[in-house]
Amino acid sequence: MEDIGARILAGDHQVQYGQNQRTKIKALVVDDNMINQALHRTLLRNLGIENHVVGNGREAVDVHCSGRRFDLILMDLDMPVMNGIEATKKLRAMGIQSTIAGVSSRSVDENIQEFWEAGLDDYQQKPLNFPKLVSILQKVNHSV
Amino acid sequence: MERNQSRRQIAVTRQSLFDQGFLDEQFVQLEELQDDANPNFVEEIATLYYRDSSRLINNLEQALEKSPLDFNKLDNYMHQLKGSSTSIGAKKVKAECTQFREYCRTGNGEGCVRTFQQLKKEYGLLKRKLEAYFQMVRQAGPSQVACRPK
């Protein structure tokens, strides 16, 4: 099993997470900030991960209601309409078992605890970069 | 000869942005995402940043004219601006955002107004420097993608 993580950290941006598997990994980016959307999309795309972007928790829930499924959800915390905690709770209540990684600038313990308890599998403080994304991907169980 | 000089100039200008504290490591992370498939990624992010910041600064301006001040609203706008600034590596702007939020937390209106003026100054300076830098990069031609020497 090749060590994709090590190659990425060594600067190999040609690693394709989708290549050795029957289907590509699919990710959902949930963030209201356009810069973070662009950043997360590019990080994922550079790893060969198919990605879809929505602007708040409500849209994340809606996209699942329409039947779409993802291996990985990158969930921001502070968003209008519905925040990351509410969205995570709702998705888990719907039976969604995708890997959900909280990605937020917050470091106040109380809010992170609540975020974790909503049903996260992982948490990374913003801003996201390659090493952090690789760390998250190691938690992804590609069964979708 | 000319190309070498402009390449050197670009490198020196770029380094000064870090040395003078305008940018931090996050900017380097953005540069590393730039490649042949995405040759203008960093400048595109910068353009998004100007747009986003301009909108938030306007909102803050208006909110600071209200009386009494709505510190919750001010903090909310500043949280967003801090988020964008962090994502692009705008070190000094980010520091002003943090200071502003501290004043919101303690309900210090005067502190907020003062810090906001400073923030606008820092943001304006950064924007001018980045615009000048990207112009240099563009003028040097497509092969001059500025990257950290490996």
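Biologist: Which residues in H3(B) do Phe27(B), Leu30(B) and Glu31(B) of H2(B) meet?

Modeller: This is a predicted model: local features need pLDDT of at least 70, side-chain atom pairs count only at pLDDT 80 or more, and totals for chains, interfaces and linings use all residues. Residues are numbered from 1 along each chain as its sequence is written, chains are lettered from A and ligands numbered from 1 in the order in which they are written, and side-chain values use heavy atoms, with hydrogens and water left out. Helices (H or I, at least four residues) and strands (E, at least two) are DSSP runs, numbered from the N terminus. Contact means heavy atoms within 4.5 Å, and the partners in H3(B) are Phe41(B), Val42(B) and Ile45(B).

Biologist: Are H2(B) and H3(B) parallel or oblique to each other?

Modeller: H2 covers residues 25-32 of chain B and H3 covers residues 41-65; their axes come within 8 Å and cross at roughly 125°. Axes are lines fitted to C-alpha atoms, for helices over the stretch in contact, with angles from 0 to 180 degrees between N-to-C directions. Under 35 degrees is roughly parallel, over 145 roughly antiparallel, 65 to 115 roughly perpendicular, and the rest oblique. The pair is therefore oblique.

Biologist: What pattern does chain B follow along the sequence?

Modeller: Chain B has 6 helices and 0 strands. Its C-alpha trace spans about 60 × 30 × 25 Å along the principal axes. The pattern reads α-α-α-α-α-α.

Biologist: And what pattern does chain A follow?

Modeller: Chain A holds 6 helices. It also holds 5 strands. Read in order, the pattern is α-β-α-β-α-β-α-β-α-β-α.

Biologist: What share of the residues of chain A count as buried?

Modeller: Buried means under 20% relative accessible area, exposed over 50%, and partly exposed in between (1.4 Å probe, protein chains only). In chain B, buried residues make up 45% of 150. For the 144 residues of chain A, the share is 54%.

Biologist: Is Gln80(B) exposed or partly exposed?

Modeller: Gln80(B) sits in helix H4 (residues 71-88) of chain B. Its relative accessibility is 24%. That value makes Gln80(B) partly exposed.

Biologist: Which residues does Gln80(B) contact, leaving aside neighbours within four places in sequence?

Modeller: Cys97(B) is 17 residues away along the chain, and its C-alpha atom is separated from that of Gln80(B) by 9.5 Å. The contacts of Gln80(B) include a residue of chain A, Asn33(A).

Biologist: Is the peptide bond from Ser67(B) to Pro68(B) cis or trans?

Modeller: Most peptide bonds are trans. Pro68(B) lies in the loop between H3 and H4 of chain B. Omega here is near 0°, and the bond is cis.

Biologist: What is omega for the peptide bond from Lys126(A) to Pro127(A)?

Modeller: Pro127(A) is in the loop between strand E5 (122-125) and helix H6 (130-137) of chain A. The bond is cis, with omega near -5°.

Biologist: Is Val81(A) buried or exposed?

Modeller: Val81(A) falls in the loop between strand E3 (72-75) and helix H4 (84-93) of chain A. Most residues other than glycine have a negative phi. Phi of Val81(A) is positive, near 70°. Its relative accessibility is 70%, so Val81(A) counts as exposed.
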